[in-house]
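Let's take a walk through this fold together. Have the sequence and the 3D view open side by side, and follow the side chains as we go.

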Amino acid sequence: MFGFIKKSLKEIVKKFEKPKEDKKEVEKKTITKPKKTEDKVKKEPAKKESKPIEDKEVKSKDEIKEIEKPKKRGFFSKQISEKDLEKFKLELVKANVSFDVAEEIAEKLRDKDGRNIKKLLRTELLSLLKQEEFKIENFIKEKIKEQGNCLVLFFGYNGSGKTTTIARLGYLLKEQKIPVVFAAADTFRAAAIEQLSAHADNLKIDIVKHKYGGDPAAVVFDAKKHAEAINGVVLADTAGRLHSDKNLMEELHKILRINKPDTTILVLDSLTGSDILEQIEKFGEVDFDALILTKVDVNEKGGAMLSVKQKTDKPILFLGMGQEYKDLEKFDAEKIVKKMLD
Ligand SMILES: Nc1nc2c(ncn2[C@@H]2O[C@H](COP(=O)(O)OP(=O)(O)OP(=O)(O)O)[C@@H](O)[C@H]2O)c(=O)[nH]1
Ligand SMILES: [Mg+2]
C-alpha cells in the first residue's frame, strides 16, 4: 500500500538526510588530517628545496585546517535545488498526485534547508489531509432522535465500491445497535439488486427492493417509510452508470428532490487515476456532503488521496481497506502521513 508515493518521499528525504551521517566523517577528517600534515612538516625540515612544504610550514593550524577541508560536494549542499524539486514533482505525479498538488508540495520545499525536509513534508501532507471531523454514526443517531429516521444516499460511478461500502457501513452501524434498512435503488444494472440482497441476508439487515427498471426514487421513498417504522437509518444504493452521464445526474436529482436525504456520500475508487478529480467535479452537480475512498488496501500509488483533498474540502469519512465487512477504516490523516513517510 502507498508504495509509489512512499518511495518518492523517501528518496528525497534520504538525499538530504545523508549528509547528517557523513557530517561526522567530515568533522573527523578536518581534525585528523591537519595533524598528519603537521607531523609531515615537522619530519621533513631537511628538504629545504621542497617549496610546497616550506609553504605549509608558515601556515597556521587554522589555515591548514582550511586547506584540508573537503571541497563542498553536491550532497553537502543544504538547500534543495531546482533540479531536486523538478525530479521530486515528477515522482509525485507518477504516484498519482495531481500536477497542481505536486507543485504545491514542491513549493513548500523551495529555498528550504534540505535537512528539515522530512519535517517540512510531514507538515505539508498533514495540512493537505486535515479536515473537519464528521462522525457519521453520531449524525445518524441525532437524526433518528430528532425525526424518527435518517436517509443516507450513496452515489459514484460503477465499480467504485458503493454496494460493498453500504454493506460495510450497515455492518458497522448494526454493531452500534442502530437499526438499518438497505434501499436497492440501483434498478438499472443486472444483478445489482441480488448483490445488495445477498449482503442484507448475510448481515440480517432489512432491505427494500422493487423490480429491475423500476423508479429508484420510489424505492428510496419506500425504504424511508420502513426506516420510520423501525426508527432507523436507510442506506440507499444507486446506479453507477445509466445510458449517459446526463441520465445518471437527472435520476440522482429526482431521488434527491423526492426524498431529501439527510446526507449524501460520494464513493470513489482510489485506484482511479487523474479521472478521480473529474468525478468529484461531475458529482459536485448533485452536491455531495462527504466522501468514502475504496480499494486503498490495493492502492500502490497513494497519491490520489492528496489530490482529492485539495480538490474538495468535503470530509473523507472512511477508507475501504479490503473486501470483508470489517474493512472500513476511519479516515485518519496522521496515520496516513505516517504510512507515507515513516
Ligand atoms: N480490495 C478492495 N476491493 C473492493 C473494495 N471496495 C470494493 N471492492 C471491490 O470492488 C468491486 C466493485 O464493488 P461494488 O461495491 O460492486 O461497486 P459498485 O460501485 O456498487 O458498482 P456498480 O454497482 O456496478 O455501480 C467488487 O469486486 C468489490 O469487492 C476495497 O475497499 N478493497
Ligand atoms: Mg453496486
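Start at Met305, which, leaving aside its neighbours within four places in sequence, is in contact with Phe2, Leu129, Leu293, Val296, Ile316, Leu319, Phe331 and Ile336. Contact here means heavy atoms within 4.5 Å. This is a predicted model, in which local features need pLDDT of at least 70 and side-chain atom pairs count only at pLDDT 80 or more, while totals for chains, interfaces and linings use all residues. Residues are numbered from 1 along each chain as its sequence is written, chains are lettered from A and ligands numbered from 1 in the order in which they are written, and side-chain values use heavy atoms, with hydrogens and water left out.

Along with Leu121, Phe283 and Leu306, Met305 has the most contacts inside the largest nonpolar core, a set of 68 residues. A nonpolar core is a set of buried Ala, Val, Leu, Ile, Met, Phe, Trp, Tyr and Cys residues joined through side-chain atoms within 4.5 Å. Buried means under 20% relative accessible area, exposed over 50%, and partly exposed in between (1.4 Å probe, protein chains only). At least three residues of this core come from each of domain 1 (3–129) and domain 2 (136–341); the domain bounds come from an automatic or database domain assignment. There is also a second, separate core of 29 residues, with Val180, Phe182, Ala200 and Val233 among them.

Now turn to Leu121, in helix 6 (residues 117–129). Helices (H or I, at least four residues) and strands (E, at least two) are DSSP runs, numbered from the N terminus. Is Leu121 buried or exposed? Its relative accessible area is 0%, so Leu121 is buried. Not counting residues up to four places away in sequence, Leu121 touches Leu9, Ile12, Val13, Phe88, Ile105, Leu109 and Leu341. Leu121 and Val337 are 216 residues apart in sequence, yet their C-alpha atoms are 9.2 Å apart in space.

The axes of helix 5 (residues 99–109) and helix 13 (residues 304–311) come within 9 Å and cross at roughly 90°. Axes are lines fitted to C-alpha atoms, for helices over the stretch in contact, and angles run from 0 to 180 degrees between N-to-C directions. Helix 5 and helix 13 are therefore roughly perpendicular to each other. Asp100, Val101, Glu104 and Ile105 of helix 5 make the contact with Leu306, Ser307 and Gln310 of helix 13. Angles of 65 to 115 degrees count as roughly perpendicular, under 35 as roughly parallel, over 145 as roughly antiparallel and the rest as oblique.

For another kind of pairing, look at helix 8 (residues 162–175) and helix 9 (residues 192–203), whose axes come within 10 Å and cross at roughly 20°. Thr163, Ile166, Ala167, Tyr171 and Lys174 in helix 8 meet Gln195, Leu196, His199 and Leu203 in helix 9.

Two further stops remain. Leu291 sits in strand 6 (residues 290–294) and counts as buried because its relative accessibility is 0%. Asn259, found in helix 11 (residues 245–259), is buried too, with a relative accessible area of 1%.

Finally, step back to the whole chain, which has 14 helices and eight strands. Of its 342 residues, 46% count as buried.
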